[in-house]
Amino acid sequence: MTALQDVSLTLAQGSFVTLVGPSGCGKSTLLRVIADLVKPTAGRVGVLGRTAEQARRERAIGFVFQDAALLPWRTALENVELPHEVGGRRERPAHARSAQELLELVGLAGWEKAYPHELSGGMRQRVSIARALAGDPKILLMDEPFGALDEITRDRLNEELLRIWEKTKTTILFVTHSIYEAAFLSQQVLMLASKPGRVRELVPVDFPLPRRLALRDTAEFVKLAARLRGILETC
Amino acid sequence: MAQPAAIAANSIEDPALAAAEAQYFAAKRARAWRRRAMPAVGVVTLIAVWFALVEILKVKPFIAPSPQAVLHTLVDKFGMLMENLVPTAIEAVSGFLVGNFCAILVATLFVHKKAAEEAFFPIVVIINTIPVVAKAPILVLLMGYGLEPKIAIAALICFFPTLVNMVRGLESVNPQTMELMHVLSANKREIFFKVRLYNSLPYLFSALKIASSTAVIGAIVGEWIGTNTGIGALIVQATYAFDSALLYATVIVGSAFSVTFFLIITLIERLVINWQPNMAL
């Protein structure tokens, strides 16, 4: 079975793109191929004009997993510091934020010494976002990061993520199966079709920033969501 | 790390709530006391039954002693009992250290060289199936009558459970954590010291707690053959002399040492593994 075929993505620097598609369309696989977690069976992968492995070694890629994947024996702050301790002990670039600043950025000031078991699911995912930003990556890949959270936490983190993105200007590629999440978060929604996975359509989202949750009740938003659902049904 | 202070502050203003809270904490304290008192009640009951049985059935002192006789022996022969505890303690603790150290090294090797695990793990299992009592004479023949064969027996007995648990602890890392380390381009050494070792610690300590008591058993069994000092030797001598009070006193000293050893390991575990929610002892 071919999971993905001839997929090419061009992300504008600093843009927020979501990947949406039916299950089995290879949206997670695409993210994993970019992060060099999966090697393609045939063909080549180019990321930022390099191979996926080079991009990974240069820390061009940050990855946020669905489950926060924090190390339970490290405090929140120590988890965020992990990227600076492994993979060649790279020094933090002068312009990059410190682990402390990153925790403040994700709204966890005062929780530096807390262990993961003392944090809620939403807070753990915030730590994991801070950790992914610690390498100062060019692209932040997020694989259904809020999929396991309850709706209230998820809504709140959606708003928070937009705020973080506006502050950091990081390019974000975000996988979700929720068209509402996609329409709310992104500037472009990339619809994938399945068997084999390929790009079906690129839908621009023009809502101005900053976006608040109330946006989802507007007629324009509902119309866009309906359009996305229409495309998804033909994928 | 939670902040219950705010909740407590609110409730004090309402007298009904404050009363309910006081009642709750009183009940909690009562439960805690009960938990501590009940084991003591159990021990006292057991000794009372023992005393009654010896008295009522008029059990001969060379068959089973009365509790008072054992207590007398414990007090009168305390110096002699401690003199015999020293070699046993040295053997058990040395064996514990050697056996567990080797197990950790071999587990590390197994995790990094799968072929070694496949080749030698079955041998380890086979050696472990030999009962201690059977291993003891072999080691005495090999190593003589000094402390060495007893240390070797204690070490062997600790080795297997720790090896099995340690291999499992080093290997059972959350797959997403391994993916994270890959994305961060961490090398094998970094994965070992930053992830695998920490992941294995809860597994290691549950093995060490078992090993702390089995190491003492190993040392005592080792002393049954060809020695005249140590808890094991004293057990054999007391049995042959029909000195049941001394036998019981020796057994009590041996198990008191075992329990102390176990508690020390549990205490170290609590100090080392400080990232988990509060565990009950």
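**A helix and its surroundings**

Guide: In helix H5 of chain A, the buried residues are Met123(A), Arg124(A), Gln125(A), Arg126(A), Val127(A), Ser128(A), Ile129(A), Ala130(A), Arg131(A), Ala132(A), Leu133(A) and Ala134(A). A residue is called buried if 20 or more other C-beta atoms lie within 10 Å of its own, exposed if 12 or fewer do, and partly exposed in between, with C-beta atoms placed from the backbone. The model is a predicted one, in which local features need pLDDT of at least 70 and side-chain atom pairs count only at pLDDT 80 or more, whereas totals for chains, interfaces and linings use all residues. Residues are numbered from 1 along each chain as its sequence is written, while chains are lettered from A and ligands numbered from 1 in the order in which they are written.

H5(A) is largely enclosed by the rest of the structure, because 12 of its 14 residues are buried. Helices (H or I, at least four residues) and strands (E, at least two) are DSSP runs, numbered from the N terminus. H5(A) covers residues 121-134, which should span 20 Å at 1.5 Å a residue, and this agrees with the 20 Å between its end C-alpha atoms; the expected span is 1.5 Å times one less than the number of residues. After the helix comes Asp136(A), with a positive phi near 50 degrees.

The buried residues of H5(A) pack against E4, helix H3 (76-81), helix H4 (99-105), strand E5 (139-143) and helix H6 (151-168) of chain A. Contact here requires the C-beta atoms of two residues, placed from the backbone, to lie within 7 Å.

E5(A) pairs with E4(A) in the parallel sense over 4 bridges, and Ile61(A) has Ile139(A) of E5(A) as its bridge partner. E5(A) also pairs with E6(A), again in the parallel sense, over 5 bridges; there Met142(A) stands opposite Phe174(A). Strands are taken as paired if DSSP finds at least two bridges between them.

These strands belong to an open sheet of 6 strands in chain A, in the order E4-E5-E6-E1-E7-E8 with mixed pairing. Its edges are E4 (61-64) and E8 (198-204), each of which pairs on one side only. From one strand to the next the twist averages 20 degrees; such angles run from 0 to 180 degrees between the N-to-C directions of axes fitted to C-alpha atoms. E6 (residues 171-175) pairs with E1 (residues 16-20) in the parallel sense over 4 bridges, with Val175(A) of E6(A) as the partner of Leu19(A).

One residue of the segment before E1 of chain A is Ser15(A). Ser15(A) has 16 other C-beta atoms within 10 Å and is therefore partly exposed. Leaving aside residues up to four places away in sequence, Ser15(A) touches Thr171(A), Gln187(A) and Gln188(A). The C-alpha atom of Ser15(A) is separated by 17 Å from that of Ala132(A), 117 residues away along the chain; Ala132(A) is one of the buried residues of H5(A).
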